[in-house]
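Please read the following report alongside the sequence and the structure, which are shown just below.

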Amino acid sequence: MKFHLKNLIEKDIREDGRKLDEYRKIKVEYGVSTSAEGSARVTFGETVVIAGVKMSLGTPFPDTPDEGVLIVNTELLPLSSPDFESGPPNIKSIELSRVVDRGIRESQAINVKKLCIKKGEQVWMINVDVYPLNDAGNLFDAASLAAIAAIKDTKIPVIKDNVVDYKKKSAKSLPLEGYPVECTVYIIGDKLLIDPSTEEEELVEARLTVATYGNHLCAMQKGGNKALEQEEIEKMIDLAAKKTEELRKLLK
Amino acid sequence: MTLTKRYDGRKFDELRPMEAKVGVVKRANGSAMFKIGNTQAIAAVYGPRELYPGHLQNPENGLLRCNYNMIAFSGSGDRVRPGPSRRSREISMVTENALNSIVDLSQYPNAVVDVFIELINTDAGTRCAGITAAAMALADAGIPMKDMVCAVSVGKVEDKIVVDLNYEEDSAEEGVDFPVAIAARSNKITLLQMDGLLKKEDIKDLLRAAKKAAEQVNKVQIKALREKYEK
């Protein structure tokens with residue numbers, strides 16, 4: 001099966017009939033949780049990811065006394081794949097958390113200064129939690145899209161007597177100035193492809209996740225053991241930049 | 001004090017609107033979603049598969065292993081910290097107990113059937129929703145079962161017996177929370193817990209209310225399974 005898939009990809013053919021640079025059908029739904037301040041469910045074919053935002057009051061970090069705190073966390077639920085196990089986060093889950101987190105953080109799309117309530121004392125803490133509900137491949141892109149969609153969906157809760165009243169949401173959204181989006185380009189043999197299925201993921205020799213924001217790149221991460229030529233990297237970035245524009249349109 | 005009307009306007013024996021769907025996690029061997037009011041559980045079954053660590057293996061019977069978890073943004077208040085808590089470990093255990101008596105894993109010696117239950121959104125009654133979803137997921141996975149299990153919480157708010165408590169009722173002062181799981185065919189009770197102050201005489205009424213409510217949950221389970229398999 002593996003051999004067969006690889007042979008197909010060498011001929012630019014994929015098992016499900018897609019082009020190498022074509023995403024599966026993507027759907028973005030908002031407001032899927034009544035308990036979160038904002039939430040979204042993103043599907044890439046059979047891959048399903050949900051993300052939710054919880055806001056709380058906290059003290060700022062000493063080096064950024066006038067900035068709110070954004071933390072993106074993902075957990076690879078054993079519910080979503082036979083390959084995931086219970087227990088403390090493994091390296092796969094940590095990498096996914098950090099790559100999604102950096103894509104949003106480094107873009108500076110959230111104006112964290114506007115999340116300061118009292119300098120040096122009290123700021124909003126924004127926890128974005130992302131969970132796959134079915135891992136059918138390409139969690140990187142699905143998780144990052146779900147995270148930014150949930151942030152977009154968020155309504156800030158009301159503060160009453162210095163305590164968050166979670167029952168009352170204000171009409172105010174988070175200070176989000178644009179949509180950072182990630183696309184991961186994968187290498188199998190000498191072919192570039194995006195949005196692999198579970199079976200295709202097993203063939204991947206290297207990958208490059210590229211986060212873009214406006215006309216900038218804002219974060220990158222290479223994965224896999226294969227060493228890459230400069231030319232290959234440039235091609236991967238070009239493809240990712242083109243594809244992130246498509247993804248960004250889904251958020252509007 | 002006497003309760004004349006439930007906080008959300010329901011009748012005393014009225015459950016919240018229910019929804020169920022089987023086969024929601026494609027990569028699992030079996031899966032199901034169960035929603036009751038704003039409480040939503042997803043359960044996925046993996047296995048029978050090889051059991052590690054090996055010392056847990058039983059050459060006479062397969063092992064049913066359940067894991068109950070609330071996702072971080074599932075609570076209406078503060079964020080739920082990820083990872084197991086005393087509460088979630090206890091619920092995992094009573095969930096196992098609730099399901100163990102109706103599954104037959106004797107043909108899977110040394111193997112494990114893993115049931116992962118994730119609470120996506122919560123408004124009380126989470127362990128019951130989890131068990132109800134898990135039973136459907138086990139059926140979807142084709143695990144040999146002698147019966148179906150459906151779970152519902154009953155309880156008391158002020159002086160009235162109510163079914164399917166929401167969070168507001170569950171946390172009411174002097175309220176009683178009484179989660180029950182019932183095997184649908186044999187009518188036997190496979191989960192029973194209780195928190196609150198109760199008179200002995202109330203037990204009969206509470207169990208009667210639980211059985212009646214569980215029948216309705218069971219109907220939703222069967223309908224969802226039929227929707228997948230009777231096409």
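## Confidence and conventions

Chain B has a mean pLDDT of 95, and 100% of its residues reach 70 or more, where pLDDT is the predictor's confidence in each residue, from 0 to 100. For the model, the scores are ipTM 0.86 and pTM 0.92.

This is a predicted model, in which local features need pLDDT of at least 70 and side-chain atom pairs count only at pLDDT 80 or more, while totals for chains, interfaces and linings use all residues. Residues are numbered from 1 along each chain as its sequence is written, and chains are lettered from A and ligands numbered from 1 in the order in which they are written.

## Where the chains touch

Between the chains, 26 residues of chain A are in contact with 23 residues of chain B; a contact requires that the C-beta atoms of two residues, placed from the backbone, lie within 7 Å. On the side of chain A that touches chain B, β3 (47-58) and β6 (122-134) of chain A each supply at least two residues, and β6(A) gives the largest share, 5 residues. Helices (H or I, at least four residues) and strands (E, at least two) are DSSP runs, numbered from the N terminus.

By class, this side of chain A divides into 10 nonpolar, 11 polar and 5 charged residues. In this division Ala, Val, Leu, Ile, Met, Phe, Trp, Tyr, Cys and Pro count as nonpolar, Asp, Glu, Lys and Arg as charged, and the others, Gly among them, as polar.

## The sheet of chain A

In chain A, an open sheet of 4 strands has the order β10-β9-β11-β12, with antiparallel pairing; two strands pair if DSSP finds at least two bridges between them. The edge strands, each pairing on one side only, are β10 (191-194) and β12 (216-223) of chain A, and neighbouring strands of this sheet are turned by 25 degrees against each other on average, direction ignored.

Strand β9 (residues 181-188) of chain A pairs with β10(A) in the antiparallel sense over 4 bridges, and Lys191(A) in β10(A) is the bridge partner of Ile188(A). Helix α2(A) packs on the sheet and touches β9, β11 (206-213) and β12 of chain A, its direction making about 160 degrees with that of β12(A). Such angles run from 0 to 180 degrees between N-to-C directions, and axes are lines fitted to C-alpha atoms, for helices over the stretch in contact.

## The sheet of chain B

Chain B holds an open sheet of 4 strands in the order β7-β6-β8-β9, with antiparallel pairing, and its edge strands are β7 (160-163) and β9 (189-192) of chain B, each of which pairs on one side only. From one strand to the next, the twist averages 25 degrees.

Strand β6 (residues 149-157) of chain B is joined to β7(B) by 4 bridges, the two running antiparallel, and Lys156(B) stands opposite Ile161(B) in β7(B). Helix α1 (residues 86-100) of chain B packs on the sheet, where it touches β6, β8 (176-183) and β9 of chain B, and its direction makes about 165 degrees with that of β9(B). Helix α4(B) also packs on this sheet, touching β6, β7 and β8 of chain B, with its direction at about 140 degrees to that of β6(B).

## How the helices pack

Helix α2 (residues 91-107) and helix α3 (residues 139-153) of chain A pack at an angle of about 50 degrees, with their axes 10 Å apart. That makes α2(A) oblique to α3(A), given that angles under 35 degrees count as roughly parallel, over 145 as roughly antiparallel, 65 to 115 as roughly perpendicular and the rest as oblique. Residues of α2(A), including Leu96(A) and Val99(A), meet residues of α3(A), including Phe140(A) and Ala143(A), and the contact has 9 nonpolar, 2 polar and no charged residues.

In chain B, α1(B) and α2(B) pack at an angle of about 45 degrees, with their axes 10 Å apart, and they are therefore oblique to each other. Their contact has 8 nonpolar, 2 polar and 1 charged residues. The axes of helix α2 (residues 126-140) and helix α4 (residues 202-229) of chain B come within 11 Å and cross at roughly 30 degrees, and this contact has 6 nonpolar, 2 polar and no charged residues.
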